[in-house]
Amino acid sequence: MSTAETIAAIESADASGDAEWARSLAADAVARGLSHPLALRLAADGLRREGREDEAIGLLRRALGLQPNDIDTLIALAGCLMDLDRRREALPVFKAALDADPSRADAHYGAGECLATMGAVDDAQARFEAALALGPLHADAGASLANLHARTGNWREGRARAEAVLVFAPGHATAMAAMAACEVGEGAFDEAKTRLTFMLEPRGAEPPLTPLLHAAMESLLGEALHGLGRYPQAFDAWRRGNEERRLIHAGWAMSSEELRYLIGTLTEAFSGVTPQDWRVNPDTGASGARGHVFLLGYPRSGTTLLEHILGAHPKVTALEEGDLLAEAARRFFGRADGPRSLLSLDDATAKRFRDAYWRRAREAGAEVEGRVFVDKMPLDTINLPIIAALFPNAKVLFARRDPRDTVLSGFRQVFAPNPATYAMLALDGAADLYDAVMRLAEVYRTALPLDLREVRHERLVEDFESETRGLCDYLGLEWSDAFHDFAANAQARTISTPSAGQVRRGIYRETVPTWMRYADQLAPVLPKLQPWVDRFGYA
């Protein structure tokens with residue numbers, strides 16, 4: 001068969017809807033050396049279905065070299081990258097497809113999935129809604145939108161969206177997961193447990209659950225069991241979900257080790273340094289802000305609650321986890337002489353990185369002029385030397401919570417993958433990272449010229465008004481009755497962290513610390529945490 005006849009046969013099979021035959025013809029032709037865009041794309045589709053995404057990506061890139069703006073090939077490439085959890089790489093590919101053809105609902109949906117994973121909740125919602133506007137029966141987009149509402153604590157809307165999908169796509173796995181998440185959020189734990197148990201059975205879901213969705217449902221099942229007071233079973237479900245995610249996100253393992261190495265390096269670099277060793281750079285950045293506050297600590301230590309309390313004040317602008325110090329961190333922590341060079345930073349270099357910081361803040365939507373700007377990024381604790389060097393006038397709020405509750409809460413949450421959250425997928429990894437970050441923070445407190453105030457989560461919950469008035473005095477803010485309405489205000493704000501539902505509930509007190517319900521399960525890591533329990537006065 002000639003090349004022209006082969007291509008014609010592939011095109012005919014593809015046009016007739018016989019996808020399996022088209023893929024088979026294409027695979028044979030590509031194996032014989034044919035380099036044609038359609039053949040490469042269809043052969044790649046076959047490889048993807050066999051779980052050979054890396055090989056499929058190679059064929060798709062070859063196809064794009066021959067036909068750069070082919071929409072189907074762009075979307076197929078982005079899909080392969082999504083399969084490999086390379087969503088930051090997939091997003092610009094989906095955007096290229098949309099630039100070529102904005103009417104592709106599947107490209108809007110794919111971009112939304114990437115954005116949701118990256119925490120860009122508002123942008124993700126806009127993409128899902130665009131997909132539904134183009135195809136009202138796009139079940140995946142509708143289910144992902146329902147899941148987005150569930151993640152951000154908007155359970156009524158999430159339930160409505162999920163129910164709408166299940167009308168025309170009964171048993172849709174993502175819609176079922178979203179429904180279960182809303183049931184957990186609303187306290188319908190029995191209903192959630194029944195739904196999740198059925199979906200997790202070998203024949204409960206058709207088609208079978210993807211590995212990521214299976215892991216998410218295990219974690220949700222843990223939350224339902226926790227709500228029912230079945231604590232050992234809840235812990236086992238969280239553990240199963242985390243073990244599955246460790247396999248899915250194994251590509252983060254090396255970065256997680258590098259983070260631990262960096263923390264150790266910084267602990268050594270700043271040991272023995274004193275505040276008097278620092279050259280103070282005048283903060284000449286043209287921010288226009290009335291005040292500047294860094295809200296730090298450790299994930300799940302109460303930073304989101306504190307951010308939304310402060311954000312209720314009419315003179316405060318708060319930004320949730322914008323990673324505004326990324327450029328400075330690459331520069332000063334990316335090479336051996338970087339950390340200690342911060343002690344004698346010259347004015348021009350400091351100003352350059354300050355300007356980059358404020359540019360990123362504005363790009364993230366922060367309106368800082370004339371307001372107290374709160375930059376909430378818990379693990380910017382690691383970047384405190386950069387904060388001390390660039391922003392000598394800034395105030396630092398350090399959120400503190402019982403180490404046992406903090407580590408347990410991190411272990412049970414479903415985070416977007418990054419080097420820190422990968423470590424939290426194992427209980428010992430979560431405890432080790434907490435220990436390392438707290439050791440570093442203690443070194444920083446004696447080494448850096450900081451204006452720092454600790455905020456204890458438990459005190460804030462027990463004596464809300466007194467603690468909040470103390471924060472006002474520290475930050476130079478007048479008291480506002482709007483603080484009492486922070487939970488209501490949070491209903492109207494997008495919250496991308498796992499704390500969304502808890503923040504929208506407002507202040508509530510636990511009769512028993514959560515960790516005590518899991519003392520047996522936490523026993524292997526309690527010796528690691530006990531020194532911090534004692535040091536911080538939680539014994």
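Which side chain of opposite charge is nearest to arginine 401, and how far away is it? Select arginine 401 and aspartate 405: the distance is 4.7 Å, and arginine 401 is buried yet has no salt bridge. Here Lys and Arg count as positive and Asp and Glu as negative, while His and the chain ends are not counted. A salt bridge is a side-chain nitrogen of Lys or Arg within 4 Å of a carboxyl oxygen of Asp or Glu. Buried means under 20% relative accessible area, exposed over 50%, and partly exposed in between (1.4 Å probe, protein chains only).

The model is predicted: local features need pLDDT of at least 70, side-chain atom pairs count only at pLDDT 80 or more, and totals for chains, interfaces and linings use all residues. Residues are numbered from 1 along each chain as its sequence is written, and side-chain values use heavy atoms, with hydrogens and water left out.

**Around arginine 401**

Stay on arginine 401, in the loop between strand S4 (395–400) and helix H21 (403–412). Helices (H or I, at least four residues) and strands (E, at least two) are DSSP runs, numbered from the N terminus.

**Salt bridges**

The whole structure has 34 salt bridges. Select arginine 240 and glutamate 218, whose closest N and O atoms are 3.1 Å apart. This pair links distant parts of the chain, with arginine 240 in helix H14 (residues 231–248) and glutamate 218 in helix H13 (residues 211–227), 22 residues apart. Arginine 240 is partly exposed at 31% relative accessible area, whereas glutamate 218 is buried at 7%.

Stay in helix H14 for the next pair, glutamate 243 and arginine 239, which lie four residues apart, about one turn of the helix. Their closest N and O atoms are 3.4 Å apart. Glutamate 243 is partly exposed at 42%, and arginine 239 is partly exposed at 30%.

Next, select lysine 376 and glutamate 321, a salt bridge with its closest N and O atoms 3.0 Å apart. Lysine 376 lies in strand S3 (residues 372–376) and glutamate 321 in the loop between strand S2 (316–320) and helix H17 (326–333), so the pair ties together parts 55 residues apart in sequence. Lysine 376 is buried, with a relative accessible area of 0%; glutamate 321 is partly exposed at 38%.

To see a network of salt bridges, select Arg400, Arg445, Glu454 and Arg456.

**Helix H7 and the cysteines**

Select helix H7 (residues 105–117). Its 13 residues reach 19 Å from first C-alpha to last, close to the 18 Å expected (1.5 Å times one less than the number of residues). Eleven of the 13 residues are buried, so H7 is largely enclosed by the rest of the structure. Among the buried residues are His108, Tyr109, Glu113 and Cys114. To see what covers them, show helices including H5 (71–83), H6 (87–100), H8 (121–134) and H9 (139–151). After H7 comes glycine 119, with a positive phi near 85°.

The whole structure contains zero disulfides (pairs of cysteine sulfur atoms within 2.5 Å).

Technical notes. Contact = heavy atoms within 4.5 Å.
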